[in-house]
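Please read it alongside the coordinates.

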Amino acid sequence: MKCFGSYAFLVFVTVIYPHVCAEIQSVLLKKSVTLPGCACSGSAAWTFGWTVLFVNKAPRNANPRMSIVGDYALKITSVTLADEGDYSCVCDGEPANGYTLVVEVSPRLSISLDGREISDIITVEANRSTLLVCKAVDSKPVASLRWEADGDQTEAYNSTEERWANGTFVSVSYLDIKLSAERTNVSCISSGGGTFEGKRQDVILSTYVVPSVSLTLGKNETEGAVLIPLGETLNATCRAVGARPPSNITWSVDGMHLEYTSQGMTTVKHADTYSTTSVLSVTAEQPQGHVTCHVLLAYPDERIDLVAKYMTYVVPKVSITIDGGTAESPFIVEKGATLSVICRGIGALPRVDLHWLIDGRRTEEDSKSGLANDDEPMTFDSSVSITIGPIRAPGNMTCIAQGLPTGDLYTHAYFYLEESSDFQGALTSTWLLIGLGVSTICLALVICLYIIKKRFTAGQYPPNGEVRFPMGHVSTMERQHTDSKLPSTSSYEIPSSQCGRSSSIRSSVRVERTASFFDTVNEYPKPPTAALPELPAASEETEYTVVPDEDHGTKI
């Protein structure tokens, strides 16, 4: 309730009476409102502030949208903000009813992104911050804003309010959101303290994912040029991995767009993303070229281009000719001769430069500019010549082909002088003489060692005893052993004939062994194999029959 002064009217003169309290009436902008009147049998009037609107039913300063209806009620149609204020119904100069009309404005709600208003759906990049702006414009009273994402309330980033000159307000709220789902419903909801209902603005955010794009030419990535022999075919593979929605791939070769690929395109879904692969077979028919992979994104309307370059090559045939003939290395030249040598590189791509190395030193002669090869298109021939002489010593020549992307090429030729063969023969004879001398020395050493050994061996068995020849008819051999390994004493009885009689010769030999350098610890050498014959094992003594005396002729 609002209290204000009462009024009395007499001949258009306003008189202020003690105040009365007014009832608050709310109405939405552009709607109609009826303020209850006062049943008055006398003079009645409606006032708006200090302005008299009606006296009885006659309009004074009333707006055409105002009229008296029913029991002197005041009806206002298409209410505007200008209609807001205090209204009074006066009967016979006494205030009967008082009203405070409050005009409410339902705000105009909108959501925008990057200054562009969103109507229903918008696509944003997944997993990246997206700043949405919600505005409640021309609200009265001031509107309060809040956010929801798929029905769940989301905290606003920031909110501001501003009052305009016409008494309305503008409210702004910001939402910084990062989405990973394919689709999300986002709502901005306004509410106020008046009678109007809250408003809701919904938008759908569809996310896209920029794929990871790669281009492979042969087995190499796109960095640098790929080397390939001229005329060979290699595969170019383009991949767009993790895209949403799926991507499309097209190709261009040397600037010419292709309508199709040799092996087509395949798309595979993984969870909520897609991977697309396209393969193109390329034949390298030019010295150099490039292949372009075009990845077309469904959203945003963009294209990612990757370029792979290739370079072709042909390895030339490099050869050396001497005096017009093919050089067979090594070859023999006459001492003092002069050689005319030419190096040729046939069928090279790209052009190559030829250089000479004579005995490891580079010469000043360089190859002539490469000329086109008539037999092999797009290849070139080069040559370089040099004169060497007079020849005084053996040497070598190296021709180097430079400029190939695969590296330098080398070819060699070696030459010897004719007299080098005599030198080799003399060298062979010298070695034979040296070998013969060494063999002779070795043989002499072996013989000396053998003689020394024999002398040491003979010195081990010197005779140390006595020999007796007693007469007898029986010969007895006794062998006494003082050690199982070393014989010490031997006795022999030898039958003999002296002066026609039977005689017995007894020999007693004592042998003692001396040490020599052939001995080892606790070991003795074996007796010579030409020693005494083995004796029967039955007994140590053997009896021989007596030899009868016979005439043996002339006795000595």
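The points below go from the whole chain to single residues.

1. Basis. This is a predicted model, in which local features need pLDDT of at least 70, side-chain atom pairs count only at pLDDT 80 or more, and totals for chains, interfaces and linings use all residues. Residues are numbered from 1 along each chain as its sequence is written, and side-chain values use heavy atoms, with hydrogens and water left out.

2. Overall make-up. Helices (H or I, at least four residues) and strands (E, at least two) are DSSP runs, numbered from the N terminus. Of the 556 residues in the protein chain, 35% are buried. Buried means under 20% relative accessible area, exposed over 50%, and partly exposed in between (1.4 Å probe, protein chains only). Contact means heavy atoms within 4.5 Å. Among contacts between residues at least 6 apart in sequence, 63% join residues at least 24 apart.

3. Surface. The accessible surface of the protein chain is about 33,400 Å², and 53% of this belongs to carbon and sulfur atoms. Accessible areas come from the Shrake-Rupley method with a 1.4 Å probe; for residues, only the protein chains shown count as cover.

4. Core. Which residues touch the most other members of the largest nonpolar core? They are Phe331, Val341, Trp356 and Met397, in a core of 24 residues. Strands that each supply at least two residues of this core include β30 (317-322), β33 (339-348) and β38 (395-402). β33 gives the most, with four residues. A nonpolar core is a set of buried Ala, Val, Leu, Ile, Met, Phe, Trp, Tyr and Cys residues joined through side-chain atoms within 4.5 Å. Leaving aside neighbours within four places in sequence, Phe331 is in contact with Ile322, Leu339, Met397, Ala413, Tyr414, Phe415 and Tyr416.

5. Helix patch. Leu443, Ile447, Tyr450 and Ile451 make a nonpolar surface patch of about 410 Å². Patches are made of residues with over 30% relative accessible area and no salt bridge: like charges are joined within 9 Å, nonpolar side chains (Val, Leu, Ile, Met, Phe, Trp, Tyr) within 5 Å. Tyr450 sits in helix α1 (residues 420-458). Tyr450 is exposed, at 52% relative accessible area.

6. Salt bridges. There are eight in the structure. The criterion is a side-chain nitrogen of Lys or Arg within 4 Å of a carboxyl oxygen of Asp or Glu. Arg65 pairs with Asp83 in a salt bridge, with the closest N and O atoms 2.7 Å apart. The two are 18 residues apart: Arg65 is in the loop between β6 (58-59) and β7 (66-69), and Asp83 in the loop between β8 (73-76) and β9 (85-91). Asp83 counts as buried, at 4% relative accessibility.

7. Asp202 and Arg200 form a salt bridge (3.1 Å, N to O). Asp202 is partly exposed, with a relative accessible area of 32%. Arg200 is also partly exposed, at 45%. Salt bridges that share partners join Arg146, Glu148, Arg200 and Asp202 into one network.

8. Are they buried or exposed? Ser278, in strand β27 (residues 273-283), is buried at 0% relative accessible area. The Ser278 side chain makes a polar contact with the side chain of Trp251 (2.9 Å). A polar contact is a pair of N or O atoms within 3.5 Å; within protein, one must be able to donate a hydrogen and the other to accept it, and residues adjacent in sequence count only if both atoms are side-chain atoms. Ser247, in the loop between β23 (233-243) and β24 (248-253), is buried at 6%. Ser129, in strand β14 (residues 129-139), is exposed at 52%.

9. Backbone checks. The peptide bond from Lys140 to Pro141 is cis, with omega near 5°. The bond from Gly389 to Pro390 is cis, with omega near -5°. Ala271 is not a glycine, yet has a positive phi of about 60°. Ala271 lies in the loop between β26 (265-270) and β27 and is exposed at 72%.
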